[in-house]
Amino acid sequence: MTLVEYLMILFVIFLSTVDMWSGAPFCFQQTLLPCFLVSLALGDLEDGIIIAGYLTIAFMGIMQIGAAVPPDMISGSIVASVLAIEFNLPPEVSVAIGIPCSIVASYPVMAAQNFDTRIVRIVERRIKNRNLKGISLLNTIGLLPWALAR
């Protein structure tokens with residue numbers, strides 16, 4: 001993998017993270033667009049779209065209910081696409097790669113939620129004491145674990 005391909009894949013990861021919090025979804029929360037962009041970066045569109053199809057069927061029905069953290073489809077699909085395309089694996093193998101990777105990738109999301117719970121408690125105490133200094137900074141600090149979770 002060249003440096004340009006690596007940077008393009010990092011940009012896809014960045015876009016999928018921004019899409020989650022931007023309020024204007026561009027369909028990065030599904031497997032098709034990240035797989036398509038990764039395969040475009042790696043130069044194998046056909047396998048990328050087939051991989052996206054397999055992963056879409058595998059992840060069908062996964063959703064967040066309440067505070068439950070489902071497997072991270074985006075991270076799983078990006079990792080599965082990169083590994084399947086780079087090592088010339090059959091597209092069916094991407095499911096065997098994508099599902100475990102998506103489950104492992106959900107743990108940093110849980111850690112980010114746990115961290116944000118502590119930040120919210122600090123902000124609530126400051127509001128209760130009418131000490132509003134630094135609340136916007138705490139809000140920004142609360143976003144850092146989400147950026148690192150991908």
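**Entry 1: Ser-102**

I started at Ser-102, which is buried with a relative accessible area of 0%. A reminder to myself before going on: this is a predicted model. I placed Ser-102 in helix H5. Next I looked up what touches Ser-102, skipping its neighbours within four places in sequence, and found Phe-59, Pro-71, Asp-72, Met-73 and Gly-76.

**Entry 2: H4 against H5**

How do H4 and H5 pack? Helix H4 covers residues 73-86 and helix H5 covers residues 93-128; I read an angle of about 140 degrees, with the axes 7 Å apart. That angle makes H4 oblique to H5, because only angles over 145 degrees count as roughly antiparallel. I noted the crossing of H4 and H5 as right-handed.

Then I listed who makes the contact. From H4 I have Met-73, Ser-75, Gly-76, Val-79, Ala-80, Leu-83 and Ala-84. From H5 I have Ser-94, Ile-97, Gly-98, Cys-101, Ser-102 and Ala-105. So Ser-102 turns up again, as part of this contact, and I keep in mind that Ser-102 is buried. Sorted by class, the contact of H4 with H5 comes to 8 nonpolar, 5 polar and no charged residues.

**Entry 3: H2 against H4**

H4 has another partner that I wanted to check, helix H2, residues 32-42. The axes of H2 and H4 come within 9 Å and cross at roughly 30 degrees. H2 and H4 are therefore roughly parallel to each other, since the cut-off for that is an angle under 35 degrees. The crossing of H2 past H4 is right-handed.

Which residues meet here? On the H2 side I wrote down Pro-34, Cys-35, Val-38, Ser-39 and Leu-42. On the H4 side they are Ile-74, Ser-77, Ile-78, Ser-81, Val-82, Ile-85 and Glu-86. By class I get 8 nonpolar, 3 polar and 1 charged residues for the contact of H2 with H4.

**Entry 4: two aspartates in helices**

Buried or exposed, I asked of Asp-19? Asp-19 is buried, at a relative accessible area of 5%. Asp-19 belongs to helix H1, residues 3-22. I also took the C-alpha distance from Asp-19 to Gln-29, which is 7.7 Å for a sequence gap of 10 residues.

Asp-116 came next, and I found it in helix H5. At 17% relative accessible area Asp-116 counts as buried, because the limit is under 20%. Setting aside neighbours within four places in sequence, I see Asp-116 in contact with Gly-142 and Trp-146. Looking back along the chain, I got 25 Å between the C-alpha atoms of Asp-116 and Pro-100, which are 16 residues apart in sequence.

**Entry 5: loops**

I went through some loop residues with an eye on phi. Asn-88 sits in the loop between H4 and H5. Its phi is near 50 degrees, a positive value in a residue other than glycine. Asn-88 is exposed, with a relative accessible area of 67%.

Where is Arg-130? I found Arg-130 in the loop between H5 and helix H6, the latter being 135-148. Arg-130 has a positive phi too, about 60 degrees, and is not a glycine. At 74% relative accessibility I count Arg-130 as exposed.

Ala-68 is partly exposed, at 42% relative accessible area.

**Entry 6: the whole chain**

I finished with the overall numbers. I count 6 helices and 0 strands, so from the N terminus the order of elements is α-α-α-α-α-α, given that helices and strands are numbered from that end. The C-alpha trace spans about 60 × 30 × 25 Å along its principal axes.

How much of the chain counts as buried? I have 33% of the 150 residues. The chain exposes about 9100 Å², and carbon and sulfur atoms supply 70% of that area. Among contacts with a separation of 6 or more, 65% come from residues 24 or more positions apart.

Notes. Residues are numbered from 1 along each chain as its sequence is written. This is a predicted model: local features need pLDDT of at least 70, side-chain atom pairs count only at pLDDT 80 or more; totals for chains, interfaces and linings use all residues. Side-chain values use heavy atoms; hydrogens and water are left out. Axes are lines fitted to C-alpha atoms, for helices over the stretch in contact, and angles run from 0 to 180 degrees between N-to-C directions. Helices (H or I, at least four residues) and strands (E, at least two) are DSSP runs, numbered from the N terminus. Angles under 35 degrees count as roughly parallel, over 145 as roughly antiparallel, 65 to 115 as roughly perpendicular and the rest as oblique. A crossing is left-handed if the near helix is turned anticlockwise from the far one by less than a right angle, and right-handed if clockwise. Contact means heavy atoms within 4.5 Å. Ala, Val, Leu, Ile, Met, Phe, Trp, Tyr, Cys and Pro count as nonpolar, Asp, Glu, Lys and Arg as charged, and the others, Gly among them, as polar. Buried means under 20% relative accessible area, exposed over 50%, partly exposed in between (1.4 Å probe, protein chains only). Accessible areas come from the Shrake-Rupley method with a 1.4 Å probe; for residues, only the protein chains shown count as cover.
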